[in-house]
Each structure stands twice: as C-alpha cells, then as structure tokens.
Amino acid sequence: MTDDLDQFDKQMAEIDKAMAKAPPPQAAAPAARPDGTPTKRVTPAGPPMSSRREVISIWVRLTLVLLLAVGLTVWPYDNGCGLGLAAYLAAVAVTIGTGAMTAMSTWRLRLALPHVLSLGVTLGGLAILAHEIAMRSGYAATAATWLCP
C-alpha cells in the first residue's frame with residue numbers, strides 16, 4: 001500500500017512539472033462560424049422598460065378584478081342553480097382569466113406587488129370555483145344541483 005502512495009506521489013510530481021512548463025492559459029477566442037467570420041457577442045437583455053401607461057393600465061385592471069373578486073363573495077343574486085348559477089360561474093371565470101392575464105403582464109414587467117395580488121385573485125377565483133363544483137359533485141355535505149327542478 002505504501003508503494004501505491006509513493007507511485008501516486010511520483011505521478012503527481014511529474015504532472016506538476018509538466019504544468020509548470022506549459023504556457024499560461026489564454027482567454028478563449030470567440031467562436032467562429034463555419035465560413036470563418038467571427039460571431040457577434042450579444043449582451044443579455046435587462047428588465048423590460050415599462051411605460052407609465054402600461055403600469056397604470058395594470059393597476060386599473062387589477063383594481064377592477066379585485067373589486068369583482070370581493071363582489072363574488074357577497075353576490076346579491078340567486079346563484080343556487082340554473083341561469084343564476086351560470087351568470088355566477090361566468091363572473092368567476094372572468095375573475096380567474098383576468099387575474100391570470102394580469103399576473104402574466106406583471107411578471108413580464110417585473111412588478112412584484114401587483115403580481116402577488118393578481119396571483120391571489122386568481123387563486124381566490126379558483127377556490128370559489130372549486131367550492132361550487134364540490135357542492136354539486138356530491139363531495140360536500142350539503143348537496144346542490146346544477147339545474148333548477
């Protein structure tokens with residue numbers, strides 16, 4: 001076993017000598033295309049520039065969808081079955097869709113607070129939808145119907 005370690009030390013010493021004789025590494029040359037022309041270096045893009053109009057429109061959209069989401073919790077019309085339920089579910093779908101669309105816009109523009117709020121609205125809409133489906137699929141303790149008798 002000692003012979004193996006001695007052998008290993010000798011090999012490492014030879015490698016160290018070879019590395020000392022070698023010229024220092026140079027910076028990598030830019031890659032060339034097959035036709036020999038060098039490729040252009042592209043700098044990474046920074047965060048997108050957002051205009052004041054875009055930011056204001058996102059906040060207006062977010063405020064409206066937040067009001068709709070709050071309005072869904074105190075929906076004043078009959079939404080037990082039939083057309084009332086269809087209108088209610090359409091409003092829930094608008095809430096989910098607008099929240100998701102706003103979340104994508106805020107992600108693209110790197111707006112943190114509106115992004116979190118729009119994700120909350122989207123998840124809230126999905127929770128309301130899940131509640132309505134659970135009541136009508138037999139999962140909840142109280143059963144409801146999709147169509148009025």
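## Aromatic pairs

Two aromatic pairs are present in the structure, which is a predicted model. In one of them, tryptophan 75 and tyrosine 77 have ring centres 5.9 Å apart and planes at 75°, so this pair is edge-to-face. Tryptophan 75 is partly exposed, at 23% relative accessible area. Tyrosine 77 counts as exposed because its relative accessibility is 58%, and the limit for that class is over 50%.

Tryptophan 75 also pairs with tyrosine 88, again edge-to-face, with 5.2 Å from centre to centre and 75° between the planes. Tryptophan 75 belongs to the loop between helix H2 (52-73) and helix H3 (82-108), while tyrosine 88 is part of helix H3, so this pair ties together parts that are 13 residues apart in sequence. Tyrosine 88 is buried, with a relative accessible area of 5%. Trp75, Tyr77 and Tyr88 make up one aromatic cluster.

## Salt bridges

Side chains of opposite charge can pair when their charged atoms come close. Two salt bridges are found in a search of the whole structure. Arginine 108 pairs with glutamate 54, and their closest N and O atoms are 3.7 Å apart. Since arginine 108 is in helix H3 and glutamate 54 in helix H2, the bridge ties together parts that are 54 residues apart in sequence. Arginine 108 is partly exposed, at 43% relative accessibility; glutamate 54 is also partly exposed, at 27%.

Glutamate 132 forms a salt bridge with arginine 136, where the closest N and O atoms are 2.7 Å apart. These two residues lie four residues apart in helix H4, so about one helical turn separates glutamate 132 from arginine 136. Both glutamate 132 and arginine 136 are buried.

Threonine 102 is a residue of helix H3 and counts as buried, at 0% relative accessibility. Apart from residues up to four places away in sequence, threonine 102 touches Ile58, Arg61, Leu62 and Ser118.

Isoleucine 58 has its place in helix H2. With a relative accessible area of 2%, isoleucine 58 is buried. Its contacts, leaving aside neighbours within four places in sequence, are Thr102, Ser105, Thr106, Leu109, Leu111 and Pro114. Isoleucine 58 and alanine 103 are 45 residues apart in sequence, yet their C-alpha atoms are 9.4 Å apart in space.

## Arginine 110

Arginine 110 is found in the loop between H3 and helix H4 (112-136). Most residues other than glycine have a negative phi. The phi of arginine 110 is near 60°, a positive value in a residue other than glycine. Arginine 110 counts as exposed, with 55% relative accessibility.

## Nonpolar surface patch

Phe8, Met12, Ile15 and Met19 form a nonpolar patch on the surface, and together they have about 410 Å² of accessible area. One of these residues, methionine 19, lies in helix H1 (residues 2-21). Methionine 19 is exposed, at 58% relative accessible area.

Technical notes: Residues are numbered from 1 along each chain as its sequence is written. This is a predicted model: local features need pLDDT of at least 70, side-chain atom pairs count only at pLDDT 80 or more; totals for chains, interfaces and linings use all residues. Side-chain values use heavy atoms; hydrogens and water are left out. Patches are made of residues with over 30% relative accessible area and no salt bridge: like charges are joined within 9 Å, nonpolar side chains (Val, Leu, Ile, Met, Phe, Trp, Tyr) within 5 Å. Accessible areas come from the Shrake-Rupley method with a 1.4 Å probe; for residues, only the protein chains shown count as cover. A salt bridge is a side-chain nitrogen of Lys or Arg within 4 Å of a carboxyl oxygen of Asp or Glu. Buried means under 20% relative accessible area, exposed over 50%, partly exposed in between (1.4 Å probe, protein chains only). Rings of Phe, Tyr and Trp (its six-membered ring) pair if their centres lie within 6.5 Å; planes under 30 degrees apart count as stacked, over 60 as edge-to-face and the rest as tilted. Contact means heavy atoms within 4.5 Å.
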